[in-house]
Amino acid sequence: MNESSAVALLLLTGGAIVGTYLWRGAGVMFAARIKSDSPVFQWVTFVSYAMLGGLIARMVILPIGPLMETPLLCRALAFVIGVGVFFGGGRRVLPAVFVGVATFILLVSFF
Amino acid sequence: MIASASASAVNRLAWRDAIGFPSITLLASMTGFGSLVHESGLPFAMAIAATVGIWGLPGQLALVEMHVAGLSVFFVILGVALANARFLPMVVAFMPLMNEARPKSRWDFALVQMLSINSWAAGLKRFPEIEKTLRRRYYIVFAVICMSAGTLGTVIGYFGVGLMPRPIALGLIFMNPLFFAVLLAGVQSRPSMIALVVGAPLGIMFHLIAPDLDLLLTGVVGGTLALLLNNRLTGRQSAS
């Protein structure tokens, strides 16, 4: 990696850390005075979750990077099975992730 | 009921709560994150800085994914910040309970960095049964264990991914969206579920139309739609 891209990554990561910390710090500062159910805040929460929903879908359906080399069917099927185990199996995180990832590894090995 | 009134009892309680599900979950999810950073061709220092500095899988994934997608620094940072907006209401609910018996201190600004969904949920659950002056101790012990597990996972994932057979390495990377989906689905509140489900197809659509702004557009458009939908459903329920 050359020097300029190292500096760029440093700025990027530092900025992301600061951007995240602002929410935490504001929470401490205003803990007693802020209404976290105010309309503006409610909207920000919806924006945040919609964004995350979009990011998950994109990572599964249109991945960037190494997952691009795997077939869409493998990713979609393993994802659906993992989420299915989660909702069908009493909402336990670890079994769901384990089954989903194991399915994915098997599918990728054979196709 | 005050079950835990001595410092050593609180230490034990925190250990017991943290070792097990929270630590294993963090170890595994951060292993996925570490391997993603490695496979994206990014340096180890960035993986560790993101884990310790952001300390929330959604924001960490947003950082790597948006950067690799080629977005400008400004939009990546904005995206990460938005992905982590949930920390504000979490902290607002958490701090008064933890600090019930003591005045606010500057240390709170440092301690809050370690708050994650695990320590938040454990604290809210346990604080009522812990002596007020010892609650901060519980949080610190619990959160330090969690953060150690997460950091260890990041290291394992980053260096381990290259040593594994390709399908397993790909499985570790695939673990990211799956973990992320079930952790968020586990929140179990209808508003967040609506927003997740509305956001998913929009994420794909905006990625195809406007790849530079996809996540921000998904957030603003999807979030607004989800809010309207939720209000509508709530209104109908209270009317019936």
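**Two chains and the contact between them**

Hello everyone. Let me start in a loop: Arg91(A) sits between α3 and α4 of chain A, where helices (H or I, at least four residues) are DSSP runs numbered from the N terminus, as are strands (E, at least two). Its phi is near 55 degrees, a positive value in a residue other than glycine. Arg91(A) is partly exposed, with a relative accessible area of 35%; that term covers what falls between buried, under 20%, and exposed, over 50% (1.4 Å probe, protein chains only).

Some housekeeping. This is a predicted model, in which local features need pLDDT of at least 70 and side-chain atom pairs count only at pLDDT 80 or more, while totals for chains, interfaces and linings use all residues. Residues are numbered from 1 along each chain as its sequence is written, chains are lettered from A and ligands numbered from 1 in the order in which they are written, and side-chain values use heavy atoms, with hydrogens and water left out.

Now to where the chains meet. Chain A brings 65 residues to the contact and chain B brings 90, contact meaning heavy atoms within 4.5 Å. About 6900 Å² is buried between them, with carbon and sulfur atoms giving 81%; buried area is the accessible area (1.4 Å probe) that two parts lose on being put together, summed over both. Of the area that chain A buries against chain B, Arg24(A), Phe46(A) and Tyr49(A) supply 12%, more than any other three residues.

What about polar links? Across this interface there are 13 residue pairs in polar contact, both residues at pLDDT 80 or more. A polar contact is a pair of N or O atoms within 3.5 Å; within protein, one must be able to donate a hydrogen and the other to accept it, and residues adjacent in sequence count only if both atoms are side-chain atoms. On the side of chain A that touches chain B, the elements giving two or more residues are α1 (3-30), α2 (39-61), α3 (72-88) and α4 (93-110) of chain A. The most comes from α2(A), with 20 residues. That side divides into 45 nonpolar, 15 polar and five charged residues. Here Ala, Val, Leu, Ile, Met, Phe, Trp, Tyr, Cys and Pro count as nonpolar, Asp, Glu, Lys and Arg as charged, and the others, Gly among them, as polar.

There are two salt bridges between the chains, each a side-chain nitrogen of Lys or Arg within 4 Å of a carboxyl oxygen of Asp or Glu. Arg166(B) forms one with Glu69(A), their closest N and O atoms being 3.1 Å apart.

Let's return to Arg24(A), which lies in helix α1 of chain A. Is Arg24(A) buried or exposed? It is buried, at a relative accessible area of 0%. Its side chain reaches the backbone oxygen of Leu115(B) at 2.7 Å, and a polar atom of that side chain lies 2.9 Å from the backbone oxygen of Val112(B). Leaving aside neighbours within four places in sequence, the contacts of Arg24(A) include Trp55(B).

Trp55(B) is itself in a loop, between α3 (44-54) and α4 (57-68) of chain B. Like our opening residue, Trp55(B) has phi near 55 degrees, a positive value in a residue other than glycine. Trp55(B) is buried, with a relative accessible area of 2%.
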